[in-house]
Amino acid sequence: RGCNGKAHLCDRPYNQARYVTTHNAMSSSTDNWIGPNQHLDVPAQLNLGVRALMLDVWEPSDLNQFNQIQAPGDDPEIILLCHALCALGKQPLVEGLSEIADFLDTNRDEVVTIIFESYISFEQTAAAFEAADLKKYTYQHDGEAWPTLGQMIDADTRLVVFQDVAVDLAYPWLMYVWGHAFENPYAAAVPEDLSCNANRGDVTNDLFIHNNFLTNIFGSPESAEQVNSNPFLKARIIECEAFHATMAKF
């Protein structure tokens, strides 16, 4: 069975493995989102081998970019997964986290990462993890050396959680992504715009997030086909790994 599907990965430290990652993972045509980023929902993504999920979380009463309430009429206590405009699609955070918990319950040899773009509090995030029975799997990074995937599996701390909000010491398992990772730019309109240059995060951090998608108003299968298939994708990964002298982890 191995670790994340490969026996040799059991001895690989977390920061020396690659993880197929989906951007706005919750936004799918399967769940009838408008202009979705993914064809498949999160359970199907996980079953196909995706091991890192980028998720956006909002309060229903938050204002969107047009200064409109995100989800008028929704229960203000129910935190939502949605991207920029909740009118285009939404899912209760607890429900989405429960899908991840179900996968980890069933697949005991898998390590999964969540990277949140967060517009909610630490308390709200933690409460949702407790409600979804997902907190028990979370990993807390205390030192400089990351454990191997095998060690994480043996300890049953198989879920790494990052968010773009600075650390609160009361929630050490909710880790600040830019304290551990760096990325290349993400706002490319055409393939020629893609760059290996550093964007957010310090290039000395352990984890390289390799953004490789084209940005449009809505998700576009045609745009994705240009940059997310080989040989183009493989060549881009090799180019940016050489540029930074490190593996692309996500």
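Taken in sequence order, the bonded cysteines of the protein chain pair 1-2, 3-4, 5-6. Searching the whole structure gives three disulfides, a disulfide being a pair of cysteine sulfur atoms within 2.5 Å. The model is predicted: local features need pLDDT of at least 70, side-chain atom pairs count only at pLDDT 80 or more, and totals for chains, interfaces and linings use all residues. Residues are numbered from 1 along each chain as its sequence is written, and side-chain values use heavy atoms, with hydrogens and water left out.

**Disulfides**

- Cys 3 and Cys 10 are bonded, with sulfur atoms 2.0 Å apart.
- The torsion about their S-S bond is about 100°, so this disulfide is right-handed.
- Cys 3 is buried at 4% relative accessible area, while Cys 10 is partly exposed at 21%. Buried means under 20% relative accessible area, exposed over 50%, and partly exposed in between (1.4 Å probe, protein chains only).
- Cys 82 and Cys 86 form a disulfide with a sulfur separation of 1.9 Å.
- Cys 82 is buried, at 0% relative accessible area, and Cys 86 is buried, at 3%.
- Cys 196 and Cys 240 form a disulfide with their sulfur atoms 2.1 Å apart.
- The link of Cys 196 and Cys 240 is left-handed, with -80° about the S-S bond.
- This pair links distant parts of the chain, 44 residues apart: Cys 196 sits in the loop between β8 (181–183) and β9 (207–209), Cys 240 in helix α6. Helices (H or I, at least four residues) and strands (E, at least two) are DSSP runs, numbered from the N terminus.
- Both Cys 196 and Cys 240 are buried.

**Nonpolar cores**

- The largest nonpolar core has 38 residues; Leu 97, Ile 100, Leu 134 and Leu 159 touch the most other members. Such a core is a set of buried Ala, Val, Leu, Ile, Met, Phe, Trp, Tyr and Cys residues joined through side-chain atoms within 4.5 Å.
- Elements that each supply at least two residues of this core include α1 (42–47), β2 (52–58), α2 (93–106) and β5 (112–118).
- Helix α2 gives the largest share, six residues.
- Another core, of 23 residues, lies apart from it; among its members are Ala 17, Met 54, Val 160 and Trp 178.
- Beyond four places in sequence, Leu 97 touches Ile 114, Phe 116, Ala 128, Phe 129, Ala 132 and Leu 134. Contact means heavy atoms within 4.5 Å.

**Phe 232**

- Phe 232 belongs to helix α6 (residues 232–244).
- Phe 232 is partly exposed, at 28% relative accessible area.
- Neighbours within four places aside, Phe 232 contacts Pro 191, Leu 194, Gln 226 and Val 227.
- Phe 232 and Pro 191 are 41 residues apart along the chain, with C-alpha atoms separated by 9.6 Å.
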